[in-house]
Amino acid sequence: MREVRVEGLSKRFGDRDVLVDVSLHARPGELVSVIGPSGCGKSTLFAALAGLVEPDRGTVTVDGRPATGTTFGYMPQKDLLFPWRTVLDNTALGLEIAGVGRRAARKRAEPLFEPFGLAGFEGSRPFELSGGMRQRAALLRTVVQDRDVLLLDEPFGALDSLTRTGMQEWLEGMRSQFGWTVLLITHDIREAVYLSDRVVVLGPRPARVRAVVEIDQPRPRELASAAAAAREAELLALLRAE
Ligand SMILES: Nc1ncnc2c1ncn2[C@@H]1O[C@H](COP(=O)(O)OP(=O)(O)O)[C@@H](O)[C@H]1O
Ligand SMILES: [Mg+2]
């Protein structure tokens, strides 16, 4: 469990500003959501945190020290499972890329199949899994790397709404059980209110922080409660404000 602090992150591609002075923080074990209009720079923000995009300005620290290449476990928006690899080999892939041998990588991934609801599918191919299972496999591949902070870019964006609801409840259970610190991009306001300790609202590109909304409802929470509805309305108004 780690505390992450992003301060004054800015990024410009050519003459296009994408991120302007973006700051946010997550305390140990918190889940912080980032919402904002499509194309505003959310994925660019996470790519910068993950070290895939070099920011022009700003600092990222974890427990007060500069973030390094192994601070963040990053699950990109389009996270592909390789169709020719088994599910187990797909989930071991991130570790293998990080230099862990194939057998050792599989050994670390295997015990997570049960809590991730994938037991029995180790030898299956990705096409044999449901959409929700594929997303859990992609998340397992990220989590098994044992990084300080998880970056999840619209992990449930492609799922139908019933599957999505189940995955939100599952993620909430896993997060509280394992104590993950999570930064999550979503375009689903309900998801943000249900899962988050804090929601960072970005404006249209270039992304600036428009508001930071604390969600201080006790857990366990209910999806679609009356208290949640009020926060959802507040976030919707912030997103729509000119
Ligand atoms: N590598 C890049 N080079 C140039 N422009 C980029 C690059 N990556 C992203 N952009 C631009 O940055 C803007 C924000 O993109 P993105 O971060 O993917 O938005 P979001 O995830 O909020 O939908 C878009 O206008 C996109 O075209
Ligand atoms: Mg995106």
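Trainee: What should I keep in mind about the model and its numbering?

Mentor: It's a predicted model, where local features need pLDDT of at least 70, side-chain atom pairs count only at pLDDT 80 or more, and totals for chains, interfaces and linings use all residues. Residues are numbered from 1 along each chain as its sequence is written, chains are lettered from A and ligands numbered from 1 in the order in which they are written, and side-chain values use heavy atoms, with hydrogens and water left out.

Trainee: Why is Ser33 called buried?

Mentor: Buried means under 20% relative accessible area, exposed means over 50%, and partly exposed is in between (1.4 Å probe, protein chains only). Ser33 has 0% relative accessibility, so it counts as buried. You'll find Ser33 in strand E3, residues 31-35; strands (E, at least two residues) and helices (H or I, at least four) are DSSP runs, numbered from the N terminus.

Trainee: What makes the link from the side chain of Ser33 to the side chain of Ser196 a polar contact?

Mentor: The distance is 2.6 Å. A polar contact is a pair of N or O atoms within 3.5 Å; within protein, one must be able to donate a hydrogen and the other to accept it, and residues adjacent in sequence count only if both atoms are side-chain atoms. With 2.6 Å against that limit, the serine pair qualifies.

Trainee: Which other residues does Ser33 touch, leaving aside neighbours within four places in sequence?

Mentor: Contact means heavy atoms within 4.5 Å. On that basis the partners of Ser33 include Leu184, Thr186, Ala192 and Val199.

Trainee: How do you know that Lys11 and Asp56 form a salt bridge?

Mentor: Their closest N and O atoms are 3.8 Å apart. A salt bridge is a side-chain nitrogen of Lys or Arg within 4 Å of a carboxyl oxygen of Asp or Glu, so 3.8 Å passes. Lys11 lies in strand E1 and Asp56 in the loop between H1 and strand E4 (57-62), so the pair ties together parts that are 45 residues apart in sequence. Lys11 is at 11% relative accessibility, so it counts as buried, while Asp56 is partly exposed because its relative accessible area is 43%.

Trainee: Then why does Lys42 have no salt bridge?

Mentor: Check the distance: the nearest side chain of opposite charge, Glu154, is 4.7 Å away. Lys and Arg count as positive and Asp and Glu as negative, with His and the chain ends not counted. A polar atom of the Lys42 side chain does lie 3.0 Å from the backbone oxygen of Gly36. Glu154 still counts among the residues Lys42 touches, as do Val34, Ile185 and Leu202.

Trainee: How many salt bridges are there, and what joins some into a network?

Mentor: The structure holds 19 salt bridges. Arg27, Glu30, Arg198 and Glu214 form one network through salt bridges that share partners.

Trainee: What makes Glu172 and Arg219 a salt bridge?

Mentor: Their N to O distance is 3.0 Å, so the pair meets the cut-off. Glu172 lies in helix H5 and Arg219 in the loop between strand E10 (209-214) and helix H7 (226-240), so they tie together parts that are 47 residues apart in sequence. Glu172 counts as buried because its relative accessibility is 10%, and Arg219 is partly exposed, with 30%.

Trainee: What makes E1 and E2 a pair of strands?

Mentor: Two strands pair if DSSP finds at least two bridges between them. E1 (residues 4-13) and E2 (residues 16-26) have seven, in the antiparallel sense, so they qualify. One bridge is between Phe13 and Arg16, and in this hairpin Gly14 takes a positive phi near 60°.

Trainee: Why is the group around Phe116 and Trp180 called a nonpolar core?

Mentor: A nonpolar core is a set of buried Ala, Val, Leu, Ile, Met, Phe, Trp, Tyr and Cys residues joined through side-chain atoms within 4.5 Å. The largest one has 34 residues, and those with the most contacts inside it include Phe116, Leu139 and Trp180. H4 gives the most to this core, with six residues.
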